[in-house]
Amino acid sequence: MANGGPEIEQLIQLLARLPGLGPRSARRAVLHLIKRKDALMVPLSAALDRAVAAVRVCETCGNVDTVSPCHICTDPRREQSGLLIVVEDVADLWALERAGVGAVRYHVLGGVLSPLDGIGPEDLTIEQLLGRAAGFSEIVLAVNATVEGQTTAHYITDRLAGSGVRITRLAHGVPVGGELDYLDEGTLSQALRARTAMDPG
Amino acid sequence: MTPARVLVRLRLNAFRNYMTAALDLGPRHLVLVGPNGAGKTNLLEAISLLSPGRGLRRAGFETLAAHGSDGAWAVAATLDTPDGPVDLGTGSGPGETGRRVRINGANARAVEALSAYLRILWITPAMDGLFTGPAAERRRFLDRLVTTLIPDHSASVGEFEKLMRQRNRLLEEDGDPLWLGAIEGQMAERASAIHFARADCLAHLQGLIAETLGAGAFPAAGLALTQLFEDMAVPEAPDALEALLRMRWQQDRALDRAAGRTLLGPHRIDFEVVHAQKNMPAALGSTGEQKALLIGLVLAHARLVRQMTGIAPFLLLDEIAAHLDPARRAALFDALEGLGTQAFMTGTDPVLFAALGARAQTIAVRDGRFLAEP
């Protein structure tokens with residue numbers, strides 16, 4: 001059943017491939033665009049064209065930007081902290097930037113090790129990470145707390161052994177504003193193991 | 001004893017042979033009677049999905065939707081608890097291979113969250129050969145018992161199996177030794193947790209069985225795990241076991257590569273059950289004796305779960321009356337009373353449940369529909 005000409009149908013099919021959208025919501029989005037052709041569809045199309053022409057993957061860290069190296073890698077204020085945060089994906093980098101973690105640099109792995117999906121060390125930016133490591137005083141492994149994420153963290157730690165760089169990972173534990181009673185046992189025991197000293201007044 | 005937790009309402013949508021079905025229940029046991037293929041077990045399966053795992057048939061979530069539906073299915077239940085009513089639900093959308101869990105109208109972060117409200121144990125005819133069949137079935141049964149007590153156990157087992165598949169694949173492909181080491185480290189962490197959860201659970205269960213030895217109509221079981229290591233005892237501290245397993249797996253890589261699998265680990269142990277009074281392996285008993293032993297074991301575990309968590313598990317007893325003589329049937333029904341839980345039973349003949357009397361509500365099932373009480 002066609003909902004219009006082939007141009008519209010193709011647009012629906014493409015939009016339906018976006019994360020979070022299905023055929024139904026894609027159809028609704030396309031209809032919305034068509035109804036607001038001048039206010040929304042034309043500017044969107046132009047913005048897409050410009051983004052297509054401008055977008056670059058940073059050769060240093062794997063971030064996406066319009067220049068390479070990206071703004072984060074060339075920002076001199078981020079030099080001093082000596083902190084390099086390793087993340088799985090650009091989305092994680094953006095999440096950390098939104099959280100305002102401070103003047104740090106990043107390294108985007110582009111995924112995690114997963115033998116069953118055929119993703120090995122050579123498919124990630126691990127070699128590049130090893131090449132950069134010496135320029136930092138501390139590397140924070142901010143990978144997800146999944147089985148694959150943790151395997152990747154252990155692997156990177158082993159590969160960096162002997163580099164002299166301090167390697168840390170994000171703490172697992174009580175979320176900000178969280179109530180202990182509602183935490184699962186695994187998180188709670190992790191939180192106890194990773195307890196920190198209180199600063200006296 | 002009146003159950004503290006009662007399943008008062010059950011709604012099925014496009015689940016197996018139920019297009020839509022609704023049941024409103026009181027605090028009594030439920031007996032479902034009907035011919036083969038009516039949908040009795042399907043209803044028990046629906047309830048079993050309110051616990052972690054894939055339910056009592058271990059079916060893929062994408063296979064549960066009713067024939068002719070769009071692939072979506074849902075099971076919703078309302079539970080009366082001492083803290084008030086709770087709405088629980090689970091289901092999949094069309095084409096989804098996973099499932100979602102809802103608690104009081106909000107998405108639950110993990111399926112284990114259901115365990116805060118209810119625990120579920122079951123006995124099905126597929127378990128009739130449990131003691132004589134392959135060790136994998138007994139391990140799975142053991143892990144279900146442990147999960148009813150320690151909800152995180154099922155996730156540990158799932159993660160361990162996934163990591164082991166990853167290790168086997170990497171061995172096959174002659175992968176990076178550091179990568180293997182990272183996986184083995186993770187495996188060891190899960191394996192240690194799995195081993196100690198199983199051992200603790202069995203120790204508690206055995207203690208409880210010893211207290212009531214010979215008191216009930218069901219034989220007492222002696223429980224044991226086969227050795228994890230052929231050549232040495234298991235270290236007492238979880239950290240030490242973890243370190244040992246990691247070392248052994250690293251040493252065994254060539255061996256495991258040749259075998260095409262991981263030869264050592266908690267996935268290789270067997271759960272040994274003996275008929276305690278006769279001091280005889282369970283597998284040597286008659287069919288009826290094995291069933292009685294299994295029922296005794298599950299009833300004891302239900303008591304243990306109630307003692308340790310304060311939640312008496314619901315019991316799903318599929319075709320439970322088969323292989324039981326009238327005396328044992330009556331004893332089972334009496335034992336259910338003492339547990340303070342709701343039991344959901346099925347059978348082809350209502351006569352088998354006559355001894356329950358007013359303690360149960362009987363509902364006839366035909367072609368995925370409920371009929372009035374016969």
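Me: Is Asn36(B) buried or exposed?
Reply: Start with the cut-offs: buried means under 20% relative accessible area, exposed over 50%, and partly exposed in between, using a 1.4 Å probe and protein chains only. Asn36(B) counts as exposed because its relative accessibility is 68%. This is a predicted model, where local features need pLDDT of at least 70, side-chain atom pairs count only at pLDDT 80 or more, and totals for chains, interfaces and linings use all residues. Residues are numbered from 1 along each chain as its sequence is written, chains are lettered from A and ligands numbered from 1 in the order in which they are written, and side-chain values use heavy atoms, with hydrogens and water left out.

Me: Where is Asn36(B) placed?
Reply: Helices (H or I, at least four residues) and strands (E, at least two) are DSSP runs, numbered from the N terminus. Asn36(B) sits in the loop between strand S3 (29-33) and helix H1 (40-48) of chain B. Ala38(B) is in the loop between S3 and H1 of chain B.

Me: What does UniProt list as "binding site" in chain B?
Reply: Read such labels with care: positions are given in the numbering used here, feature names are shortened, and annotations may be inferred rather than shown by experiment. The unreviewed UniProt entry lists Gly34(B), Pro35(B), Asn36(B), Gly37(B), Ala38(B), Gly39(B), Lys40(B) and Thr41(B).

Me: Is Ala38(B) buried or exposed? Which residues is it in contact with?
Reply: Ala38(B) counts as buried because its relative accessible area is 3%. Contact means heavy atoms within 4.5 Å. Leaving aside neighbours within four places in sequence, Ala38(B) is in contact with Asn17(B), Val365(B), Arg366(B), Asp367(B) and Gly368(B).

Me: Where is Asp367(B) found?
Reply: Asp367(B) lies in the loop between strand S14 (360-366) and strand S15 (369-371) of chain B. Asp367(B) is exposed, at 59% relative accessibility. Not counting residues up to four places away in sequence, Asp367(B) touches Asn17(B) and Ala38(B). Asp367(B) and Pro35(B) are 332 residues apart along the chain, yet their C-alpha atoms are separated by 9.1 Å.

Me: How do I read the interface of chain B and chain A?
Reply: The size of an interface is often given as the accessible area lost when the parts come together. Buried area is that loss (1.4 Å probe), summed over both parts. Between chain B and chain A it is about 1,500 Å², and carbon and sulfur atoms give 61% of this. The contact takes 16 residues from chain B and 18 residues from chain A.

Me: How many salt bridges does the rule find across this interface?
Reply: The rule asks for a side-chain nitrogen of Lys or Arg within 4 Å of a carboxyl oxygen of Asp or Glu. Across the interface of chain B and chain A, it finds one. Glu148(A) pairs with Lys162(B), with the closest N and O atoms 2.8 Å apart.

Me: Which elements give two or more residues to the side of chain B that touches chain A?
Reply: They are helix H3 (153-172) and helix H4 (177-211) of chain B. H3(B) gives the largest share, seven residues.

Me: Is Arg78(A) buried or exposed?
Reply: Arg78(A) is buried, with a relative accessible area of 11%. Arg78(A) lies in the loop between helix H4 (71-74) and strand S3 (83-87) of chain A. Among its contacts beyond four places in sequence are Ile72(A), Glu97(A) and Tyr106(A).

Technical notes. Buried area = accessible area lost by both parts, 1.4 Å probe.
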